[in-house]
Amino acid sequence: MSDASFLTLGIETSCDDTSLAVLSGPREVLSSVVSSQVDLHAPYGGVLPELASRKHQEVIISLLRKVLSDGGVSNPHRDIDLVAVTRGPGLMGSLLVGAMTAKALAQTWEAPLIAVNHLEGHIFANVLSHPSLEPPFLCLIVSGGHTEVILVRSFGDYLLLGKTRDDAAGEAYDKVAKLLGLGYPGGPAIDRLAKEGDPKAFTFPVPLGHTRNVEFSFSGLKTAVLWAVRRLEQEGAPIPVADICASFQRAAVEALMSKMRLSVEMTGVERVAISGGVAANSALREAVASQDAWEVYIPPRELCTDNAAMIAAAGYDAYARGLRSDISFSPDPSLVLAE
Ligand code: KG4
Ligand code: ZN
């Protein structure tokens with residue numbers, strides 16, 4: 001494998017972003033396109049799976065043309081050495097569009113195919129932004145569907161230290177935003193408004209903050225916000241939206257940080273990375289960055305949210321370790337990374 005001339009096409013369609021990327025060698029992104037479906041789903045307050053898959057199939061071929069042309073790939077049959085695609089977890093209909101596109105391209109271009117775990121992709125967002133990052137390290141994956149702490153023992157060897165019992169952190173952000181009338185997705189709106197609010201205005205519980213296991217729970221926090229809003233409504237009082245956002249965010253970030261501190265303590269591993277959509281959150285980024293005792297890795301925001309560059313990087317690494325996927329592989333909506 002001659003590194004720099006080896007080109008991987010990455011395809012990511014697990015949820016509501018259609019994304020493709022061309023990667024040169026292990027870490028260099030030549031081109032990347034992300035087409036968001038936020039406007040399509042916003043009126044419904046969440047992702048509608050049927051609409052998501054229809055939109056993926058509508059846009060994917062024109063995005064493919066764009067990513068190849070942006071990456072200077074004039075003859076993909078000759079130049080693309082590997083096709084990497086998200087196998088799961090995610091929405092079945094959405095995953096199928098990426099999988100079928102990848103299979104057709106691999107077949108046509110006579111290129112090998114590798115099916116990638118979406119969560120391994122999120123871990124590789126850190127590797128893309130910090131090429132020198134080497135295991136062992138801890139990775140907090142926080143997105144709309146996942147909240148888990150993974151010990152990366154080596155690339156391809158992952159240990160799950162703990163995850164959420166109920167809602168994912170991003171799901172809590174989205175639900176709280178919805179009840180405050182802030183629209184979808186809620187994370188960026190709460191992040192913005194929290195900067196104008198008082199984080200001590202409301203005392204929301206820090207979920208499982210003092211337990212000695214790496215386990216998260218966000219549904220109680222969401223309910224506490226709901227009751228606070230209901231009480232104010234019953235009293236006819238104005239809803240201090242910015243204060244609620246700031247107070248909710250303080251509890252949510254502290255819940256994540258307390259378990260990261262515990263994970264460091266339990267494993268002795270002080271190299272810490274974050275990723276997933278919620279890793280774009282300013283308060284979480286600041287809290288992680290301020291841990292002086294840790295060696296901290298935080299990807300730029302565009303690599304935190306779903307993207308195909310991270311899938312291509314994870315795919316390249318798996319391929320270099322000798323893994324291959326059969327053309328008959330099936331997407332798996334509930335694929336796990338580690339147990
Ligand atoms: O990783 P991602 O793009 O998709 C999934 O795999 O789920 O994550 C999307 C989630 C949404 O719940 C969204 O509200 C949240 O990430 N998010 C944020 C921020 N930006 C996106 N949450 C908090 N603060 C943000 N700035
Ligand atoms: Zn994701």
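Ser247 counts as buried at 2% relative accessibility; buried here means under 20% relative accessible area, with exposed over 50% and partly exposed in between (1.4 Å probe, protein chains only). The model is a predicted one, in which local features need pLDDT of at least 70 and side-chain atom pairs count only at pLDDT 80 or more, whereas totals for chains, interfaces and linings use all residues. Residues are numbered from 1 along each chain as its sequence is written, chains are lettered from A and ligands numbered from 1 in the order in which they are written, and side-chain values use heavy atoms, with hydrogens and water left out.

Ser247 belongs to helix α9; helices (H or I, at least four residues) and strands (E, at least two) are DSSP runs, numbered from the N terminus. A polar atom of the Ser247 side chain lies 2.8 Å from the backbone oxygen of Asp243. Such a polar contact is a pair of N or O atoms within 3.5 Å; within protein, one must be able to donate a hydrogen and the other to accept it, and residues adjacent in sequence count only if both atoms are side-chain atoms. Not counting residues up to four places away in sequence, Ser247 touches Asp198, Pro199, Lys200, Ala201, Phe202 and Phe204, where contact means heavy atoms within 4.5 Å.

Helix α9 (residues 241-267) lies across β6, β7, β8 and β9 and runs at about 155° to β6. Axes are lines fitted to C-alpha atoms, for helices over the stretch in contact, and angles run from 0 to 180 degrees between N-to-C directions. The strands in question are part of an open, mixed sheet of five strands in the order β8-β7-β6-β9-β10; two strands pair if DSSP finds at least two bridges between them. At the edges stand β8 (157-163) and β10 (295-297), each of which pairs on one side only. On average, neighbouring strands of this sheet are turned by 25° against each other, direction ignored. Helix α5 (residues 118-129) also packs on the sheet, where it touches β6, β7 (147-154), β8, β9 and β10, and its direction makes about 120° with that of β6.

Within this sheet, β6 is largely enclosed by the rest of the structure, because six of its six residues are buried. In a regular strand the side chains alternate between the two faces of the sheet. Both faces of β6 are covered, with Phe137, Cys139 and Ile141 buried on one side and Leu138, Leu140 and Val142 buried on the other. Six bridges join β6 to β7 in the antiparallel sense, and the two strands form a hairpin with four residues between them. Ile141 stands opposite Glu148 in β7 and opposite Ser275 in β9. The pairing of β6 (residues 137-142) with β9 (residues 271-275) is parallel and extends over four bridges; in β9, Ala273 is the bridge partner of Cys139.

A second open sheet of five strands has the order β3-β2-β1-β4-β5, again with mixed pairing. Its edge strands, β3 (28-36) and β5 (113-117), each have a single partner strand, so one side of each is left without a neighbour in the sheet. Here neighbouring strands are turned by 20° against each other on average, direction ignored. Strands β1 (residues 7-12) and β4 (residues 80-88) pair in the parallel sense over five bridges, and Leu7 stands opposite Ile80 in β4. Helix α5 lies across β1, β2 (17-24), β3, β4 and β5 and runs at about 90° to β5.

In helix α10 (residues 282-289), the buried residues are Ser282, Leu284, Arg285, Ala287 and Val288. These buried residues pack against β6, α7 (186-194), α9, β9, β10 and α11 (301-304). At the start of α10, a side-chain oxygen of Asn281 reaches to within 3.0 Å of the backbone nitrogen of Ala283.

Asn281 is also one of the residues around ligand 1: of these 20 residues, Gly144, Asp174, Asp191, Gly277 and Asn281 come nearest, a residue being near if one of its heavy atoms lies within 4 Å. An N or O atom in the side chain of Asn281 is 3.0 Å from a nitrogen atom of ligand 1. A polar side-chain atom of Asp191 lies 2.9 Å from a nitrogen atom of the ligand, and a polar backbone atom of Gly144 is 2.8 Å from a ligand oxygen atom. Of the 550 Å² of accessible area that ligand 1 has on its own, the protein covers 89% (Shrake-Rupley method with a 1.4 Å probe; for residues, only the protein chains shown count as cover).
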